Protein chains: 2
Amino acid sequence: MRTEQPVTIVTVARHAGVSKTTASDALRGSGRVSEQTRRRIEDAARKLGYAPNNSARHLRQARTGTIGLHLPEVLPRSDYYMSFVFGVVQAATGHDYDVTLMTSRHGRGSTLASKVDGLIIGDPLAGDPTVETLMTSNVPVVTCERYPGDKTPDGVVRSEHRGAVRELLDHLRTAGARQPGLIVAGDESDWAGSVHSAYREWCAEHGLEAASSTVPFDSTTDVIRTAATNLLRGEPAIDALVCAPAGAAAELGPVLRGAASTLRPGFLVASCVDTPATKYADPPITALDLAPQTAGASCADLLFDLLTGAAEPGTERLHPVRLTIRASTQP
Amino acid sequence: MRTEQPVTIVTVARHAGVSKTTASDALRGSGRVSEQTRRRIEDAARKLGYAPNNSARHLRQARTGTIGLHLPEVLPRSDYYMSFVFGVVQAATGHDYDVTLMTSRHGRGSTLASKVDGLIIGDPLAGDPTVETLMTSNVPVVTCERYPGDKTPDGVVRSEHRGAVRELLDHLRTAGARQPGLIVAGDESDWAGSVHSAYREWCAEHGLEAASSTVPFDSTTDVIRTAATNLLRGEPAIDALVCAPAGAAAELGPVLRGAASTLRPGFLVASCVDTPATKYADPPITALDLAPQTAGASCADLLFDLLTGAAEPGTERLHPVRLTIRASTQP
DNA sequence: ATGAAAGCGCTAACAA
DNA sequence: TTGTTAGCGCTTTCAT
């Protein structure tokens, strides 16, 4: 039965014998009405099954109560993003905001951003036209990791990837690795760029030649395996492999088993992104835990602070990353 | 500079020298205005950077232009859901709907559903209180897979899992398996229930004793490995293992390598859900491709049809599933 | 402590 | 083909 006519705030007000205004104030707890009438109004609302009309509310308040979330459409190995999404939704919900998803399929034009109060962009890739459009919208934008393009977002949540990678490399060295190689995504993302340059820097400091292979951001396992195979073939001295695309290290099994027999035994493997796949690989893989869910929540919190004025435009917040050592780096 | 006053439809109308209504009609292409003035209005709109106010539009039209998407918050092995989400968003965007995510953290009460025109529930689990609330909302609901509770949703997109599982089992038999075992999620989800009962049925028809182990829907790899180990220990005759939780088969490596040495060689493995993890496991694992992205799109399409009256409440649409044979079942 | 009135931006109904 | 008017449901002045 979808014929029942909608319950508006006037319905409630009438039932409670008060005016629109009083009903509104009571239901939002503005502290303007007496305890007694407030209770009466709340009872009426509950009994009638009143639900506020958000379009009306937002029209009046000149806001939408919604934040947009853009993610790169990377389908393989999406545990990171899924956690990130849940983190954003959880925190946004806590601040009474809804979250609508915008992929790169959403139309261009500023129309996109006109429906939200703010935007969160997870891993903004340089050159993604949708991201470029969103970055120049007139609502506050928070990115997870810096945007490698011209515009600067209003807020950034980022991690000390450089330091974390160095820590990981130091650990490998301690574990006996002499020449670690790197598989890394291209420089479209700030994260991948940081990983790559931290690696090169570390190699230089230790008098090693950097041995890395760059793959596209959304590489499938095929591509990564080929890259690994070629890297190991081209640089026979490599005795440890660090893998930057999320969870991809876990998929290198065939390559590494082959390598372990032709190269030296005790070959080490590590990942720059921890996922269920790395945690439960055989053997479990040492990885950097990027805590995506907390990162997502942090983005939503920062955006909220920007919207309420609690944070200044230009704010950067650091999000902790933790090295998790597992069997794959314990020879 | 966020001080510039907003461009409304009146601004556009004034600039084009027409009335509000004409501007509105022109911009929405109602075919009421002359080609000439339409062009003039569109130019003005573009020049002014006009973007329609959705709250106002939706208030007027008594709809929100938004559909809610609820997913079980299953963090491990989330490739399936991520693809599903992108499918929903893509199709919804095509129909000019936004998608907002609702996890089980969203408050109870009908408030939840009052902000959307319709709901999509991916894998509704019996007993999830949020799902129960959503199911009794007064907007159309589409579920992916049937809801194992009392209420019936307005639309269902589902697959012939029973038939697919039988096909998979037949394939295993052809490949030489005499006694396939099953790891399956509990009956909170219709999908898991179907898989389980199809398995039992098939076993009965072939004069075999069903050897299955039930794990929670959101089991981590730990739990699944333990279940597999116990199952293999308890039923030594098992020479093939079918795994129902998404992608989990790929994480059974250690268990199966152990099994392969103590049990008969040529042990077969298959998964009821294809994911990158099964595709790129070592060896690649035979799996049922549930095509989650298309499934998501299908849900959004059905919901749209229900909203526009193009589909009757109670509609069920079938979504194809394909058996993908890989090395893990070719001894 | 409460009410009355105005108006957010838009579209549908009614005129011209 | 175009314009005028009313009103969606709500919150925010401004009065009382």
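Start by colouring chain A of this predicted model by its domain assignment: residues 9-51 form domain 1, 63-159 together with 292-320 form domain 2, and 161-289 form domain 3.

Next, select domains 2 and 3 of chain A. Their C-alpha centres are 29 Å apart. Where they meet, 14 residues of domain 2 of chain A contact 17 residues of domain 3 of chain A. Show the domain 2 side of that contact by residue class, and you will find seven nonpolar, five charged and two polar residues.

You can count 12 helices and 12 strands. The radius of gyration is 25 Å, well over the 20 Å that the globule rule gives for 331 residues, so chain A is more spread out than a compact globule. Colour by burial, and 50% of the 331 residues count as buried. Among contacts in chain A with a separation of 6 or more, 68% join residues 24 or more positions apart.

Your last stop is DNA strand C. Select the 25 residues around it; those that come nearest are A:T22, B:T8, B:I9, B:S24 and B:A56. Then highlight α2 (20-28) and α4 (54-61) in both chain A and chain B, the elements that each give two or more residues to this surface. Which element gives the largest share of the surface near DNA strand C? That is α4(B), with five residues. Colour the surface near DNA strand C by class to finish: 10 residues are polar, eight nonpolar and seven charged.

Definitions and conventions: Residues are numbered from 1 along each chain as its sequence is written. Chains are lettered from A and ligands numbered from 1 in the order in which they are written. This is a predicted model: local features need pLDDT of at least 70, side-chain atom pairs count only at pLDDT 80 or more; totals for chains, interfaces and linings use all residues. Helices (H or I, at least four residues) and strands (E, at least two) are DSSP runs, numbered from the N terminus. The radius of gyration is taken over C-alpha atoms; the globule rule is 2.2 Å times the number of residues to the power 0.38. A residue is buried if 20 or more other C-beta atoms lie within 10 Å of its own, exposed if 12 or fewer, and partly exposed in between; C-beta atoms are placed from the backbone. Two residues are in contact if their C-beta atoms, placed from the backbone, lie within 7 Å. A residue is near a molecule or strand if its C-beta atom, placed from the backbone, lies within 6 Å of it. Ala, Val, Leu, Ile, Met, Phe, Trp, Tyr, Cys and Pro count as nonpolar, Asp, Glu, Lys and Arg as charged, and the others, Gly among them, as polar. Domain bounds come from an automatic or database domain assignment.
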